[in-house]
Amino acid sequence: MSGHFSLELSPPPPGLESEHKTLFTTNCLHFLHQLISTFDEEVDQILSLRVSTKAHLDLTGELPGFRQDTAHIRSDPNWNVLPVPPRLQKRHVDIGDLAPCDSQRFIKALKSPAQGIQVDFDDGNCPTFNNQIKGIHNVWKAVHNQFPNVPHISEAPILMLRPRAWNMVEHNMMVEGKQVPGPLFDFGLLMFHCGKTLFENRSGPFFYLSKVESFMEARLWNKIFVWTQQKLGLPLGTIKATVLIENVLAAFEMDEILYELRDHSAGLNCGIWDYSASFVNKFGHRKAFLLPDRSKYVNMEKRFLQSYMDLLVQTCHRRGALATGGMAALLLPQDTQSQAYRTVLATVTRLKLLEIKAGVDGFMVYDLSLIEPMQRLFQMHTEGENQLHQLRKDLAVTPDDLLSMPSGGVTLDGLKYNIAVGVLFINAWLTGTGHFFYRGQVEDSATAEISRSQVWQWVRHQTRLEDDRRVVNRQMVIELVKTVTMELSVHCHSERTAQKLLTAAEMFLEVVLKRDFPAFITTHLSEDHTFLNEHTGHTKAPLSKL
């Protein structure tokens, strides 16, 4: 490449020198520089668009609806997404929240009978430089068959690569004097090192795109795909991506999102907690949008969530796109003969059967022991590789359906549960881990989002507890954070871990008592001095320049 260009990269995290060297070759750095400098301005534009959309809703008090200016796309029956390749036709069960820096779990997943693996650099991953380098390098190893006794990439479960969302920044690389967008760093490295090999093995490259809020963001991803395929000599339409509809505004633009990505679409996905949290993010200050206690009153059977899943399935299938459901977070107890095991399995089965009956083509589980029972569920209740024939023509979902808040109040138990999940999530991040286990299930940034959102909103609206009519206010939350942290600290086995938990509790209080709601807990944490000091390379060593 001719001419001057500026790219600065932090030195390798200790112990990952050879991985760093494998990934950051001169050719790769040139590619990353081109990719990032080509799209950097457009990334800023879509982030600005988010801010202006939110400001417009706040200033006018309006509610979202189906757009007038794109009505022609929704009403045109003549367009479909391109058919997906054979390996994407059957999406029954994916393993979710799999942070690939966890080599042991990644290898187990590659050996599993699952259809796919959500290779997660987002919700289930803590984006330290160490985790990104190790995780991307592990994907490289899997794609190039470097793991012993693991099926060939063309036989293993397909890799559904999930880069970070638009709100995340990579602090360890600067291009033209700016820290780089996290998703472009992840996507660029994965495509440069793995794209061609995945294509040659008819096993990718396939992606999950998270936190997409509008069709304009889908349009940007499509441009990035077209550019990348041209640069790497891959045919148009090689990249396939499933968009996660985890924001209430995106639920009104599902047709448009599929349309923008019609050459590259692997359908849409629906999940419960990020989506529910987005109501607080966009309308949380409005009393009409008070979300009740999630552990008691919020589930996929509630009208606003049922309507969202129904509309997602209907929209996808009408356009020949696959529709997938969320992740079962429950963990099966070890003892397969126990009553507890039977109870957990029955709960997961009941909830996932609702999704199958709604017409989904697949969903995720966290626990690898749930893969086969859930695959059997699909075999028992569906025919063929997918449910694309379920067109759900009986449905007419309205904006009222999508925006109807469930009734219900706030409980002391629910408040304590949300506090515990929020504190433990921040604690996990300070430790460099993106998810943790609590009360028999996995918790990640999605459950942390809904937890801290609810606490912020209940304080904001001075909600009364169902239990004793006390008002949820700052004083109550401070006292409960102390109590919950004391209860959790019995699991701390050193002074350092106890101190980290206290720091996490203080950071949680900062987030839930802010005047203005921070849009993403992950952005907030990744830019916090405590986190940066703990995990970034550039504060401790000089940058290497190219």
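**Pockets and cavities**

A: About 1100 Å³ of space lies in the largest pocket. Keep in mind that this is a predicted model.

Q: How many residues line the largest pocket, and which lie nearest its centre?

A: The lining has 48 residues. Nearest the centre are I272, W273, M327, A329 and Q441.

Q: Which elements give two or more residues to that lining?

A: The helices are α10, α11 (294–297), α13 (339–358), α16 (412–431) and α17. The strands are β9 (265–270), β10 (323–328) and β13 (441–443). Of the elements, α13 gives the most, with 7 residues.

Q: What classes of residue line the largest pocket?

A: Its lining has 20 nonpolar, 12 polar and 16 charged residues.

Q: Now the cavities. What sets a cavity apart from a pocket?

A: In a cavity the probe fits but cannot get out, whereas a pocket is open. This structure holds 4 cavities of 30 Å³ or more. The largest cavity has about 120 Å³ of space.

Q: Which residues are closest to the centre of the largest cavity?

A: They are D274, S278, N281, A519 and F520, out of 14 lining residues. Two elements, α10 (273–283) and α17 (445–460), each give two or more residues to this lining. Helix α10 gives the most, with 4 residues.

Q: How does the lining of the largest cavity split by class?

A: It has 4 nonpolar, 4 polar and 6 charged residues.

Definitions and conventions:
Residues numbered from 1 in each chain as written. Predicted model: local features only at pLDDT ≥ 70, side-chain atom pairs only at ≥ 80, totals over all residues. Heavy atoms only, no water. 1 Å grid on protein atoms, 1.4 Å probe; cavity = no way out; pocket = protein on both sides within 12 Å on 5 of 7 lines; lining within 4 Å. Points joined across faces, edges and corners; volume = space filled by probe spheres on them. Nonpolar A, V, L, I, M, F, W, Y, C, P; charged D, E, K, R; others polar.
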